[in-house]
Amino acid sequence: MTTHYLVLSALLFAIGAVGVLVRRNAIVVFMCVELMLNACNLAFVTFARQHGNLDGQIIAFFVMVVAAAEVVIGLAIIVMIFRTRRSASVDDANLLKY
Amino acid sequence: MQSPVEIIPHSSGVVGVSWLMIVLPLLGAAILLLSGRRTDRWGHFLGVAMVLASFVVAVASFVELLGLPEDQRRMGVALYQFIPGMADMGLLIDPLSISFALLITGVGSLIHIYSIGYMSHDPDRRRFFAYLNLFVAAMLLLVLADNYVALFIGWEGVGLASYLLIGFWQHKPSAAAAAKKAFIVNRVGDFGLLIAIFTIWTTFGSVAFAKVFPLAGEASNGTMTAVGLLLLLGACGKSAQLPLQSWLLDAMEGPTPVSALIHAATMVTAGVYLIVRSGAFFEVAPTAQLVVTIVGVATLLAGAIIGSAKDDIKKGLAGSTMSQIGYMMLAAGIGPAGYAFAIAHLITHGFFKANLFLGAGSVMHGMNDEVDMRRYGGLFPVMRITAITFIIGYLAIIGFPLLSGYFTKDGIIETAMEHNQILGWLAVLGAGLTGFYMSRMVFMTFFGKKRWADDAHPHESPAVMTVPLILLSIGSIFLGAFLILGNRFMKFLAPAVGLPEELPVFHFGSTAGLATLALVAVGAVFAWFRYGAADVPEVAPRGSFLTTFARRDLYGDALNETLLMRPGQWLTRFAVFFDNRGVDGLVNGLAATIGGTSGRLRRIQTGYVRSYALSILFGAAVVVGALLYVGNM
Amino acid sequence: MGETITFWVLAVLSVAAAFGLVFSRKAVYSALMLGMVMLSLAVLYAIQDAPFLAAVQIIVYTGAVMMLFLFVLMLVGVDSADSLVETIRGQRFWAAVAGLGFAVLLALGVGNVTFAAPTGMEAAVKEAGGNVPSLAQLLFTRYVFAFEVTSALLITAALGAMVLAHRERVRPKATQRELARARFIGPQPSPLPGPGTYALHNAIDMPALLPDGTVSPKSINRVLARHDTEDGVRPTDPEKAALIKQVIEKDIVVKEAPEQEDDR
């Protein structure tokens with residue numbers, strides 16, 4: 001059963017990664033990042049049960065906390081950029097280049 | 001043979017302030033150069049006044065020197081500590097140096113006065129006088145110094161001043177080139193002098209004349225020969241002797257008073273002075289002496305041949321200077337018997353050559369600065385003073401009996417004849433050539449048909465120019481007899497250079513003297529038929545091989561170019577090529593490779609965060625793959 | 001057996017929702033799909049002996065984080081759909097290759113390992129008497145330092161969000177007088193007609209009727225009208241449909257012009 005959970009986790013992670021790569025709306029990109037974090041959490045919880053050890057759940061908890069903080073800051077940044085540039089597309093912020 | 005007397009320290013009287021001789025013209029130069037256009041209106045008077053004051057000090061020192069007994073006539077004037085442990089700055093007032101000082105300041109003063117008129121239309125007259133003063137000061141330091149280091153400073157000062165003056169009209173490319181040429185050729189000679197001074201220092205541990213000359217006999221013959229040859233190299237550079245003669249003819253690019261100053265009173269005499277002053281070294285190095293005489297004879301013939309073919313009046317005179325300095329070198333190489341004649345000829349030559357040059361300048365002044373003698377002719381009636389003084393100078397230089405040149409040049413020829421028959425007869429031949437080329441010059445300039453340019457209106461020069469000419473021509477007439485008869489000059493110089501064992505007796509009508517006179521007469525008559533009686537073509541005919549040879553300065557420049565310039569050019573071209581293609585090619589190629597690569601690589605930085613994320617994901621995939629691979633091994 | 005059924009149902013559901021998250025054009029749909037994935041994961045946590053995490057997942061993620069996302073979406077424009085045309089050449093292809101490769105590699109790695117039957121959490125939670133007390137014991141003993149650091153992180157994040165979202169007032173606040181002046185200088189001193197006035201329905205998407213029975217263009221809700229136009233939903237009344245179309249076109253033209261500071 002453990003294998004199934006882990007493969008599901010890997011699938012979700014990969015889908016999230018592809019989402020980061022193909023979507024241009026910064027908010028959707030952000031959602032995909034969250035998806036990847038959640039996939040990791042699933043792997044942690046699975047391993048915690050596999051080994052009968054609570055540490056995996058603790059880590060998943062911390063990941064959630066950090067993700068919450070990250071969402072707060074990230075969305076604030078997106079709002080600010082949108083305010084000044086009238087756009088939430090990550091491709092529009094491409095001034096830092098050759 | 002009587003040796004020179006010892007140098008006695010001295011610090012009182014006029015001799016005690018003899019440094020004023022150098023300082024006054026130097027001060028004049030400094031004031032004129034530093035004050036700018038403020039002194040434009042009266043600067044030339046200041047320059048003349050400084051040289052005249054210097055002349056007065058020289059005369060006063062001379063009178064004081066004459067008042068002393070013969071064995072005290074060498075006075076060392078210590079000034080200050082110059083280079084501790086090596087050289088102290090001091091002056092040496094003895095008959096030799098005071099003779100030079102009198103010549104330099106005396107003739108120099110006349111040239112200064114003449115220049116007021118000659119340069120009156122030049123906007124840079126003030127600068128010109130500043131350089132003239134600098135020239136005189138440097139030359140005086142050269143002859144009055146009591147050690148080789150101070151002498152070398154004067155020597156270099158002369159080189160600098162000559163550079164500045166020859167290139168005075170630096171807007172003319174030819175003048176700028178001539179100045180550079182004089183400077184560079186002189187560097188070769190200076191190099192020899194420097195090495196000689198180094199050798200003297202290592203051999204004797206001193207550079208002061210008072211210390212090194214008494215020790216000359218103790219050094220090895222080889223060392224002394226080397227020192228002598230190196231000193232000769234220095235002398236050749238300054239005195240335009242073979243093989244460093246090439247700068248002198250080009251030096252005519254400077255204003256005529258400069259030519260007069262260089263040729264008559266300063267610069268070219270420095271070499272003769274150096275040889276005579278260093279006589280103590282040469283007397284123990286017979287090989288070096290022999291080389292000096294050979295160089296002298298070769299130069300006197302070469303100068304005469306060049307002078308015979310030049311149509312430019314100043315270049316003709318320049319060839320003549322080479323030739324006459326050759327006589328002096330010949331005499332200086334003979335030893336104590338010749339020193340007095342060398343210096344006496346130098347002094348009389350100073351007068352008549354200044355006379356001739358200033359006369360030529362006066363002619364040019366009246367002829368719109370035309371220098372080609374083929375465009376002169378028949379000038380005698382329109383500029384009588386110039387013509388008469390020029391002819392007096394001419395008679396003096398060819399050795400017309402009883403004029404200055406007769407006594408001094410005959411003295412040299414006869415001494416040479418006693419020393420070595422071959423050298424003597426070659427000197428006689430040179431005298432004949434002198435008769436030819438100087439006569440040619442006079443006939444082409446003052447007699448014959450008028451071949452003037454259409455816009456030429458020849459006229460006599462102002463008094464400020466003719467008075468110096470008259471004074472110089474008086475010197476040209478009487479100075480020789482005064483110096484030579486009764487060995488007056490030889491005895492005067494004795495405290496400085498010594499006396500030969502038996503004093504020469506000047507007698508009219510010796511074999512050599514008669515032969516000289518005969519050859520000179522033949523030369524003059526030949527010149528009369530070629531250039532006096534016959535018509536002179538206004539454009540130079542092609543001429544024989546010998547004429548071309550002489551016109552090209554005996555191929556001296558061609559030789560220098562082939563032997564020195566072209567290999568140097570090849571070397572520099574190769575170095576430039578190597579630098580451009582080899583070194584720069586490597587460095588630039590590397591830089592271009594890196595630059596080009598990074599120029600392409602930076603295109604990867606698209607600014608799109610998604611591109612970067614893609615590469616991160618690829619990297620992560622590779623890491624996972626690698627982990628799996630390693631874990632399965 | 002029950003776990004297997006639950007897993008397969010939720011696995012299919014969450015993967016489908018994840019795909020929906022990635023491929024839906026509208027950000028709001030993406031957000032809802034993400035919520036679906038999170039809820040599924042919460043259930044999966046619960047059946048894997050992690051009830052506390054399941055609760056936190058629902059409260060923090062589905063409750064707080066998702067609401068934050070939706071809130072920001074409202075701020076930055078919920079009314080527009082993303083263009084799905086790719087602008088970076090090859091990005092989609094290579095993203096698919098990399099994603100697929102990554103998933104396959106991870107799956108291979110996991111598949112290569114043979115796991116024993118899961119140990120289960122009974123032994124671990126027995127001492128403290130349950131999942132939550134056990135986690136609390138760990139958090140406040142072994143992980144207390146990390147826990148405190150996390151609190152610092154949250155405070156910092158809150159402050160950071162405030163700083164980032166704060167807008168400096170660059171001109172003085174408009175006074176009542178200025179506002180009134182601007183209003184009367186403008187084209188419309190009176191309030192806009194509300195939707196549904198004189199109409200048969202008072203729904204928000206119903207334009208107001210003027211006393212003569214014609215539609216008032218000023219009463220059309222722009223956002224709803226745009227959505228209706230994009231989705232092809234037109235009022236049956238041709239007059240209204242034409243009017244809505246006309247308003248939208250005019251609106252697009254107006255949007256080009258610089259927007260003035262609006263008080264939301």
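**Ground rules**

I number residues from 1 along each chain as its sequence is written, and chains are lettered from A in the order in which they are written. Since the model is predicted, local features need pLDDT of at least 70 and side-chain atom pairs count only at pLDDT 80 or more, while totals for chains, interfaces and linings use all residues.

**Chain A, overview**

I began with chain A and found three helices and zero strands; helices (H or I, at least four residues) and strands (E, at least two) are DSSP runs, numbered from the N terminus. The order from the N terminus is α-α-α. Of its 98 residues, 60% count as buried. For me, buried means that 20 or more other C-beta atoms lie within 10 Å of the residue's own, exposed means 12 or fewer, and partly exposed is in between, with C-beta atoms placed from the backbone. I then looked at contacts, where two residues qualify if their C-beta atoms, placed from the backbone, lie within 7 Å. In chain A, 48% of the contacts with a separation of 6 or more join residues 24 or more positions apart.

**Chain A, the H1 and H2 pair**

How do H1(A) and H2(A) pack? Helix H1 (residues 2-22) and helix H2 (residues 26-51) of chain A have axes 8 Å apart, at an angle of about 165°. I note that axes are lines fitted to C-alpha atoms, for helices over the stretch in contact, and that angles run from 0 to 180 degrees between N-to-C directions. That angle makes H1(A) roughly antiparallel to H2(A); the cut-offs are under 35 degrees for roughly parallel, over 145 for roughly antiparallel, 65 to 115 for roughly perpendicular, and oblique for the rest. The H1(A) and H2(A) crossing is left-handed, meaning that the near helix is turned anticlockwise from the far one by less than a right angle.

I listed who meets whom: H1(A) brings residues including Leu6(A), Phe13(A) and Gly16(A), and H2(A) brings residues including Val33(A), Met36(A) and Cys40(A). By class, this contact has 17 nonpolar, seven polar and no charged residues. Here Ala, Val, Leu, Ile, Met, Phe, Trp, Tyr, Cys and Pro count as nonpolar, Asp, Glu, Lys and Arg as charged, and the others, Gly among them, as polar.

**Chain A and its partners**

Next I checked what chain A touches. The contact with chain C takes 67 residues from chain C and 60 residues from chain A. On the chain C side, the elements giving two or more residues include helix H1 (2-23), helix H3 (51-77) and helix H7 (144-165) of chain C. That side divides into 51 nonpolar, 12 polar and four charged residues. With chain B, the contact takes 10 residues from chain A and 11 residues from chain B. Its chain A side has seven nonpolar, one polar and two charged residues.

Chain B holds 25 helices and three strands. Of its 633 residues, 54% count as buried. Residues 24 or more positions apart make up 81% of the contacts in chain B with a separation of 6 or more.

Which residues touch the most other members of the largest nonpolar core? In this core of 208 residues, they are Phe135(B), Leu140(B), Ala427(B) and Leu493(B). A nonpolar core is a set of buried Ala, Val, Leu, Ile, Met, Phe, Trp, Tyr and Cys residues joined through C-beta atoms within 7 Å. Helix H16 (residues 336-366) of chain B gives the largest share, 17 residues. I also found a second, separate core of 85 residues, which includes Leu617(B), Ala31(C), Leu39(C) and Tyr45(C).

**Chain B, around Leu493(B)**

Leaving aside neighbours within four places in sequence, Leu493(B) is in contact with Pro95(B), Leu96(B), Tyr339(B), Ala340(B) and Ile343(B). Leu493(B) is one of the buried residues of H21(B). Helix H21 (residues 488-497) of chain B has eight of its 10 residues buried, so it is largely enclosed by the rest of the structure. The cover over those buried residues includes H12 and H16 of chain B. After H21(B) comes Gly498(B), with a positive phi near 90°.

I looked at that H12(B) and H16(B) pair too: the axes come within 11 Å and cross at roughly 160°. The two helices are therefore roughly antiparallel to each other. Among the residues making the contact are Val272(B) of H12(B) and Tyr339(B) and Ile343(B) of H16(B).
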